[in-house]
Amino acid sequence: MAQAIDDRYQAYMDAIRRRVCAVCLDQRDDGTCQLAGGRLCAIEAQLPRVVEAVLAVRSDRMDAYVDAVKAQICAGCRGEDDKGHCPFRETGECALWTYLPLLVDAVEEVTQALGPPSTRPAH
Ligand code: SF4
Ligand code: SF4
């Protein structure tokens with residue numbers, strides 16, 4: 001079931017729906033999520049943390065985003081066991097993991113249009 005999304009992140013979720021959900025096999029015809037088995041997509045479940053993790057990377061290397069997601073999102077997700085294995089990751093059933101390049105594009109699109117949602121210290 002969909003959860004209410006903090007207004008600051010709604011634009012990110014809208015872009016993710018256009019770029020990620022649109023190609024995800026778990027999307028219904030009406031655009032909503034039909035992820036089976038009562039699971040909540042990791043993108044929706046941890047949207048603010050996912051967005052902030054992606055924003056903090058800002059790299060041309062996808063490996064850097066993969067590392068950030070694994071450290072900041074997977075480490076706190078119930079999908080991963082205490083040895084760092086996740087059956088959803090390994091079988092392509094986690095949309096966050098499978099579609100990470102598209103998710104990064106979605107976050108970039110919104111950031112360029114609006115600027116980041118949180119105030120971060122200037123360097
Ligand atoms: S599983 Fe995630 S990416 Fe796929 S349709 Fe549902 S919310 Fe979108
Ligand atoms: S890959 Fe596994 S541990 Fe990482 S967010 Fe997806 S379901 Fe959670």
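**Helix packing, core and ligand shell in a predicted model**

Me: What share of the contacts between residues at least 6 apart in sequence joins residues at least 24 apart?
Reply: In this predicted model, 63% of those contacts join residues at least 24 apart.

Me: What makes up the secondary structure of the protein?
Reply: There are 7 helices and 0 strands. From the N terminus, the order is α-α-α-α-α-α-α. Of the 123 residues, 24% are buried.

Me: How do you know that the span of α7 is close to the expected one?
Reply: Helix α7 covers residues 100–114, which is 15 residues. The expected span is 1.5 Å times one less than the number of residues. That gives 21 Å, and α7 reaches 21 Å from its first C-alpha to its last.

Me: Which residues of α7 are buried?
Reply: Leu-100, Leu-103, Val-104, Ala-106, Val-107 and Val-110 are buried.

Me: Why are the buried residues of α7 said to line one face of the helix?
Reply: Seen down the axis, they fall within an arc of 160°, so they line one face. An α-helix has 3.6 residues a turn, so residues three or four places apart point the same way. The face of α7 turned away from the buried side carries exposed Gln-112 and Ala-113.

Me: What covers the buried residues of α7?
Reply: The cover includes α1, α2, α3, α4 and α6.

Me: Which element gives the largest share of the largest nonpolar core?
Reply: The core has 27 residues, and Tyr-12, Ile-16, Ile-43, Leu-96 and Leu-103 have the most contacts inside it. Two or more residues each come from α1, α2, α3, α4, α6 and α7. Helix α7 gives the largest share, 6 residues.

Me: What is Ile-43 in contact with, beyond its neighbours within four places in sequence?
Reply: Ile-43 is in contact with Ile-16, Val-20, Val-50, Ala-95, Leu-96 and Leu-103.

Me: How many residues of the shell around ligand 2 are nonpolar?
Reply: The shell divides into 9 nonpolar, 1 polar and 2 charged. Cys counts as nonpolar and Gly as polar. Cys-74, Cys-77, Cys-86, Cys-94 and Gly-79 are among the residues around ligand 2. Helices α5 and α6 each give two or more residues to this shell.

Note on methods
Residues numbered from 1 in each chain as written. Chains lettered and ligands numbered in written order. Predicted model: local features only at pLDDT ≥ 70, side-chain atom pairs only at ≥ 80, totals over all residues. Helix = DSSP H or I, 4+ residues; strand = E, 2+ residues; numbered from the N terminus. Buried ≥ 20, exposed ≤ 12 C-beta atoms within 10 Å, placed from the backbone. Arc of directions from axis to C-beta. Contact = placed C-beta atoms within 7 Å. Near = placed C-beta within 6 Å. Core = buried A, V, L, I, M, F, W, Y, C linked by C-beta atoms within 7 Å.
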